[in-house]
Amino acid sequence: MLNFELYNPTNLVFGKGQIEKLSVLVPSGSKILLAYGGGSIFKNGIYEQVKTALSGFEIVEFGGIEPNPHFETLMKAVAVIKEQKIDFILAVGGGSVIDGVKFISAAVHYDGNPIEILQKRILFKDVSKVVPFGTVLTLPATGSEMNSGAVVTIAATQEKLTLGGSALFPKFSICDPSVIASLPKRQLQNGVVDAYTHVLEQYLTYPHDGYLQDRIAESILQTLIQVGPNVVENPTDYALASNFMWSCTMALNGLIQKGVPSDWATHMIGHELTALYGIDHARTLAIIGPNLYRVMFETKKGKLAQYGKRIFNLTGSEDEIAQEAIIKTVEFFHVMGMQTKLSDCAKDYAKTADFIVNRFEERGWTAMGEKQNITLEKVKSIVEMSY
Ligand code: NZQ
Ligand code: ZN
């Protein structure tokens, strides 16, 4: 097993009726920026619950954080925080609002042009240099409620870039599974596939001796396969909703990544498809992931075979099981309502592979994956295979 440090200071508050705990979770006397998205919180009663819980606090609202949050929008919130002397941010939303708030938190005291945070991938390690924030999660998917990473889009250049660092963990996150009742089916499907792919990014590498990490990863996959197809039909079923929400958090709160190799190239390529064509994040992963496993088959086949045996009970030779495991993954994505070809989701995509390869070359991303062997040629093949 590789050496590791496990640091996760987020106080995760999970369960029904927990939003009312905001009154004690937000530091007393704080002036709060209440950040939210396009307005779903007004239709499903979450806004009222939050406002009631925070009745004694001074609150400034900032709405309109879009899916795949824009740098340009977030900078408006940074200006509000500076003008109004706000000292705590509450993100109420899905991954986009939470990620947006991580960027805002980092940008307020950033000494320089905040666009550098994205372009230079600045790491934030000093908590005294960021604005503290908490979250009320409304969409299980990204794990952003319990990790310190974020993804932000620069609309002007159509670039989707990451930021993060140990100072950017939420102080607390309230995860009430009943909030998923109002989610559109498409977003529920996205949540299952995003979390499933997060596990695969950290699991489908090469065989290693992190036995416990493998077993935890496999149990998250099995739980998502068990509850995923049902929760999209019955989001008010609490047993389904709670297992779905907890699986999504566990898939990307750092735990299963400790002491083992990880890949993340499916995400890096997928981000480009969202930036170029506006395809939902999870749907880009369903398009790219299986083709990445095909192109990187020699590197990944040992782990693909373990996955095939343990998750799908497949039998046969190692190669046969590994190949069949990719087919089973695509089948699961189809059950979850995904389309797995770029041509299903975008028009005029013929130059996509060359475009992405050029961008990666400019950024110096020429060797990705757990063995640094996803070269630009491999990226080109993966994207072309996804047409
Ligand atoms: O904006 P509102 O009106 O709230 O509507 C949202 C949005 O339209 C809606 N929604 C959220 N909760 C709802 C609801 N509608 C009804 N009822 C509710 N309870 O859902 C839509 C999508 O929301 P969004 O936050 O964009 O979805 P998601 O949570 O999937 O987040 C996606 C973003 O997270 C990034 C992605 O790249 C993308 O930008 N990711 C962040 C990661 C991280 N921080 O660790 C990792 C992921 O891999 C991912 O890259
Ligand atoms: Zn993801």
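Predicted model: local features only at pLDDT ≥ 70, side-chain atom pairs only at ≥ 80, totals over all residues.
1. Start with ligand 1. It is surrounded by 33 residues. The closest are Gly37, Gly38, Pro67, Gly94 and Gly95.

2. Next, see which elements supply that shell. Two or more residues each come from α2 (40-43), α5 (95-107), β6 (149-154) and α7 (185-203). Helix α5 gives the most, with four residues.

3. What is the make-up of the shell around ligand 1: how many residues are nonpolar, polar and charged? Polar residues number 21. Ten are nonpolar, and two are charged.

4. Where does ligand 1 lie relative to the domains? Domain 1 spans 11-178, and domain 2 spans 184-385. Both give residues to the shell, so ligand 1 lies between them.

5. Now turn to the helix pair. Helix α8 covers residues 211-231, and helix α9 covers residues 238-251. They pack at an angle of about 140°, and their axes are 9 Å apart. Angles over 145 degrees would count as roughly antiparallel. The angle here therefore makes α8 oblique to α9. Their crossing is left-handed.

6. Look at the residues where these helices meet. From α8 come Ile220, Thr223, Leu224, Val227, Asn230 and Val231. They meet Leu240, Ala241, Asn243, Phe244, Ser247, Met250 and Ala251 in α9. This contact has nine nonpolar residues, four polar ones and no charged ones.

Terms used. Residues numbered from 1 in each chain as written. Chains lettered and ligands numbered in written order. Axes fitted to C-alpha atoms, helices over the stretch in contact; angles between N-to-C directions. Parallel < 35°, antiparallel > 145°, perpendicular 65-115°, else oblique. Left-handed = near helix turned anticlockwise from the far one by under 90°. Contact = placed C-beta atoms within 7 Å. Nonpolar A, V, L, I, M, F, W, Y, C, P; charged D, E, K, R; others polar. Near = placed C-beta within 6 Å. Domains from an automatic or database assignment.
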